[in-house]
Amino acid sequence: MTDAALPLQPGAESADRPQTQSTLARVVQYTGLRMIALFFTVLIGVYLTILIANMGGHVDEIRKGYIRESVAISVGIDPEFKNMTADERREHIDQLVALQEKRMGLDQPFLLRSFRFLLGAMTLDLGWADNMSSDSGSRQVRNIILERLPATLLLFSTTFFLLFFVGIFVALYLSRNYGSRLDRVIVGLAPTSAAPSWFYGLFFILLFAALLGWFPFGGLVSAPPPDSIINYALSVLNHMVLPVTAIFFSAIFLGIYGQRTFFLIFSNEDYVDMARAKGLSDRVVERRYIMRPTMPTIVTGLALSIIGLWFGSIVLETIFNWPGLGRLFYLAANIFETSVIVGSTVIYAYLLGFTVFFLDFVYALLDPRVKVGGSSGGQA
Amino acid sequence: MTALRGTLAALSQYPSAIAGLAIIAAMVLFSIYTVIAIPYTEAVDKWRGGEGIWLENPRTAKPKWYNLFPGVNLPETITMGPAGESDEVSVQKERKVVSEEMTDVITTFTFDYTADDFPQEISLFLTSEHEQKRPLVSLTWLTPDGREIRITDVTVEGPVTVRFSQEEELERRLDGVRAEVGLFADPASPEDDPRPLKGTYQLTAAGLVFEDDADVDARLVVYGQVYGLAGTDHLRRDLTLALMWGMPVALAFGLLAAVGTSVSTLIVAAIGVWFGGIVDATIQRITEVNLILPVLPILIMVGLFYSRSIWVMLGVLIALSVFSSGIKTSRAIFLQIKESPYFEAARAYGAGNFRIIFLYLIPRIIPTLVPGFVVAIPSFVFVEATLAVLNLGDPLLPTWGKVLSDARVNDALYQGNYYWVLEPAALLLLSGLGFAMVGFALDRVFNPRLRDL
């Protein structure tokens, strides 16, 4: 992303001469404030998640019931308790259940527990899973989730960069060749972005996996995993093609359409005509006068689309059997593994927070208003 | 009215918009037809009815139009009997008195088989009327080339279903070949690639009854590999039902969600801009929090822990979208409009805050939001499908998403049942495209800056 930002720097300096504070200080101040704001945002988001996941102690009831059942079964099959009377046995079970509930912290009032859980969630101390474990055998929710995170990050970071660069370059090209056949084709294809990535994933699986057999149906690597690192990487790459293409396809046309339209609107501005009249080359005009004012909007648009893509990942990964966060979430949802569900939601909130922060940072570098220190557009 | 006519006239400039409008109109008409033709309760009952209702349908059968492809000639389901219910000559029933206590009730099914592939299953449904002594039915199969194969003997007590493929004796007699293959195979075709023998087949169900009034009725179902317009799923359910009912559900969900979110967002943005200060700042902060809220995970949690009803999901979805990013767009436009002199005029004559917001501020920007609203509809339709694919679809209603979900769970793509995925997907895509095409054209009509782009 810095590549796209770099060419803008010379223009920025010439435009922002009359400044009282150094640019760096302003950018740092801005991003610092944003970081604090985003931290509280994530905090609120996570707390809401916990509230929803546990409103009215609904989940606690399920867990209590589960504890009682498993205790009753273990007492029932244990020959040691065979000779107890029914009352004795019931009492024994009650004791064991109370002990278990205390161990899980279920005896405390919900408000107290919710804050404890919030603290745990924010520090990624997400407790233990009842019925799930990581591939390495750990039952700690943190380990289960962190084990899946790299796969998701690999898939999505690849797609984001593809989307960003391909989007901008194609959009610029189209705005230059506005009205060409390619332009009309892409504008015509823009409505396809109404469908989410998993939807195209289905088609791609059908076409390229089932009918043509070019790519695997799903998964991260072929089974058994290849020994050498190069072969392993190639296998992962091979498995990545279809999911990446699906995400790319679902977002690219609308992205290009939006950016191209912005470029076109801004290339009709008077100052662009003025620059052209001055005899500046097309490239310079594009960089300084068209891309510069559109960049903040484009970055914001990208932020929004990325947020949409994160959620799409749940189904996409499920469809492609991609062992990432989304699939984990799906599996956890299917077996009611509350701690993992809440944990994944928290991680999603964090990921969104980081995404927004990263884009804010880019925004700060790009938007002259941040550097000059004017109000950020608000007019309260 | 004139504004609407003007919009329509402007839209007619765009061929894609006309196509989109045609799609939407067709969908609305079809939805109305569906809701009238198959009432809600009937649809739910049938869809949830399980295999009982769909007993005579083949399992995961392809749609009938598969046979239109060149070189494809898959068998259709053949259902015959019981004798006397129709005038079919193909089912003949006669009574022969054998002795004083015994009477033979012989039902003969005669049918032509012309498909290039074998049927899926063969079942005979037997019912009897008797008091004490149970009738004994023996089944014999006659192939076009005159071979006679004994199937099995059954005593009939209440309704009995004979599934030919489950008769082990028969399979042994056919040298270990499955019944539906063995009974139809051409003896001349190679053993590892059997071909069906085309011609007239005959099944005789000779029932020996031991009472005077006793009777045996039989119904033969030779399950084909194709069924209906849309095929069937793993529970033998006719997919046309789900595909038809999916349309009103999708339209209602998409429209309500789009209306709910855009209207509430608009009102919140207008209130924020008009009052400014703390109100505006609060709304801005909430929007930022809301942006980071993981909407889909929360929806999934609500589905898991509270209710899977499609209307609860709709409510939660709207509630989560009130403070969506749309607020920023509307806010920017409101801020510009707010400076118009007529607001000062309105204030001067003493208009209240909410009068100004609802009567002067909001109506001004509705046109600019219409395209976004129309484009949002399909995305909500897909939200429903997404939830269904995650096993969180409405527990009662048949929807496109649920068909897709069933197909995915049953490995439809892997096993080559492409119709199962393609049909709901095509409908989803069609509805998505219809709204999107209209929306994009509206965008150009209402935003003159885009008009010649």
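Is the crossing of helix 6 of chain B and helix 14 of chain B right-handed or left-handed? In this predicted model, the two helices cross in the right-handed sense. Helix 6 of chain B covers residues 239-275, and its axis lies 11 Å from that of helix 14 of chain B, at an angle of about 20°. Because angles under 35 degrees count as roughly parallel, helix 6 and helix 14 of chain B are described as roughly parallel to each other. On the side of helix 6 of chain B, the contact is made by B:Leu239, B:Leu243, B:Gly246 and B:Ala250, and these meet B:Glu423, B:Pro424, B:Leu427 and B:Ser431 of helix 14 of chain B. Sorted by class, the residues of this contact are five nonpolar, two polar and one charged.

Helix 14 of chain B also takes part in the meeting of the two chains. Across the interface, 45 residues of chain B are in contact with 46 residues of chain A. On the chain B side, at least two residues each come from helix 7 (277-292), helix 8 (295-305), helix 12 (353-389), helix 14 (418-446) and helix 15 (448-451). Helix 14 of chain B gives the most to this side, with ten residues. The side of chain B that touches chain A is made up of 34 nonpolar, seven polar and four charged residues.

From helix 9 of chain A come A:Phe199, A:Leu202 and A:Leu206, while helix 14 of chain B brings B:Tyr418, B:Val421, B:Ala425 and B:Leu428 to the contact. Seven nonpolar residues make up this contact, with no polar and no charged ones.

Turning to the layout of chain B, the chain is divided into domain 1 (2-46 + 238-450) and domain 2 (75-223). Taken over C-alpha atoms, the centres of these two domains of chain B are 55 Å apart.

Chain B also holds an open sheet of four strands, arranged in the order 1-9-4-7 with antiparallel pairing. Strand 1 (78-80) and strand 7 (160-163) of chain B are the edge strands, each pairing on one side only. From one strand to the next, the twist averages 15°. Strand 4 of chain B, residues 121-129, joins strand 7 of chain B through four bridges in the antiparallel sense. In strand 7 of chain B, B:Val162 is the bridge partner of B:Leu124.

Definitions and conventions. Residues numbered from 1 in each chain as written. Chains lettered and ligands numbered in written order. Predicted model: local features only at pLDDT ≥ 70, side-chain atom pairs only at ≥ 80, totals over all residues. Contact = placed C-beta atoms within 7 Å. Nonpolar A, V, L, I, M, F, W, Y, C, P; charged D, E, K, R; others polar. Pairing = 2+ DSSP bridges. Axes fitted to C-alpha atoms, helices over the stretch in contact; angles between N-to-C directions. Domains from an automatic or database assignment. Parallel < 35°, antiparallel > 145°, perpendicular 65-115°, else oblique. Left-handed = near helix turned anticlockwise from the far one by under 90°.
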